[in-house]
Amino acid sequence: SCIESHKALHDGHSAMFRLEDAKDPDPQLSRLLKDVETTTGFSGTLHAYYGGGNSVGFLAPHTDPYDLFVMQIEGTKQWRLCVPSSNTLQVKHLAAGLFSAEQARLVELCEDPAGCKTFPRQSLDQMLCTTVTTTAGDLLYLPRGIVHSVQSRTGSVHLTIGLKAGRNIWQEFIAKGAETVAGSEHAKALHAGMRGLLDSQPKGQPKPNSISKSQSEPKSRELERN
């Protein structure tokens with residue numbers, strides 16, 4: 001019931017709301033997700049989380065099957081972000097020298113391609129981890145493959161937007177952007193302007209930085225004389 005839910009939240013429990021499960025979703029949240037999808041070209045999910053004061057997230061440490069953008073709306077939350085380790089020597093060798101996000105994605109691709117894996121909390125002590133605190137107004141990016149867990153320091157709310165891309169979200173995002181720019185009216189106008197500039201060059205004039213035959217002949221004759 002609503003009364004029991006309110007009491008549970010007041011006692012420090014957490015709650016999650018998934019936009020895709022809502023029968024009558026909030027128009028502002030729906031518009032936010034739509035704007036992100038339109039801008040990036042990827043389909044997405046939007047979830048809202050509430051955490052009571054000094055509560056540990058009800059989800060175990062885990063990875064998600066997509067890249068996440070976290071928006072802190074109210075209060076503060078402490079995030080523990082970790083790179084999963086691998087017992088395979090070949091994976092360890094390949095991961096050497098990579099950035100943390102690249103290492104995490106490599107381990108996931110080699111050992112758990114589907115993603116969305118949970119981890120015992122004590123296992124995080126064996127991983128390379130960092131702690132981040134988000135406050136209202138902060139935006140946190142979590143690359144796919146990064147193990148994360150969260151704890152609320154105060155009553156807090158945050159939103160997560162997950163973008164469903166392929167193996168490399170940034171590679172795909174740049175490729176989509178390049179295709180859009182290449183087909184834009186601005187790009188076509190620029191191309192037409194450059195073509196017009198080239199066509200306006202007087203016929204028979206040497207191209208810039210080129211050497212005509214008449215310029216090169218004297219030097220050739222001097223070499224023959226020597």
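**Exercise 1.** Identify the residues that make up the largest nonpolar core, and state which elements supply them.

*Solution.* The largest nonpolar core has 11 residues, namely Leu19, Leu29, Leu33, Phe42, Leu46, Ala48, Met71, Leu159, Ile161, Leu163 and Ile169; such a core is a set of buried Ala, Val, Leu, Ile, Met, Phe, Trp, Tyr and Cys residues joined through side-chain atoms within 4.5 Å, where buried means under 20% relative accessible area with a 1.4 Å probe, protein chains only. Helices (H or I, at least four residues) and strands (E, at least two) are DSSP runs, numbered from the N terminus. A second, separate core has 10 residues, among them Leu68, Val83, Leu140 and Leu142.

The model is predicted, so local features need pLDDT of at least 70 and side-chain atom pairs count only at pLDDT 80 or more, while totals for chains, interfaces and linings use all residues. Residues are numbered from 1 along each chain as its sequence is written, and side-chain values use heavy atoms, with hydrogens and water left out.

**Exercise 2.** Locate Phe42 and decide whether Phe42 is buried or exposed.

*Solution.* Phe42 lies in the loop that runs between helix H2 (27-40) and strand S2 (43-51). With a relative accessible area of 5%, Phe42 is buried.

Methods. Buried < 20%, exposed > 50% of the residue type's maximum accessible area, 1.4 Å probe, protein only.
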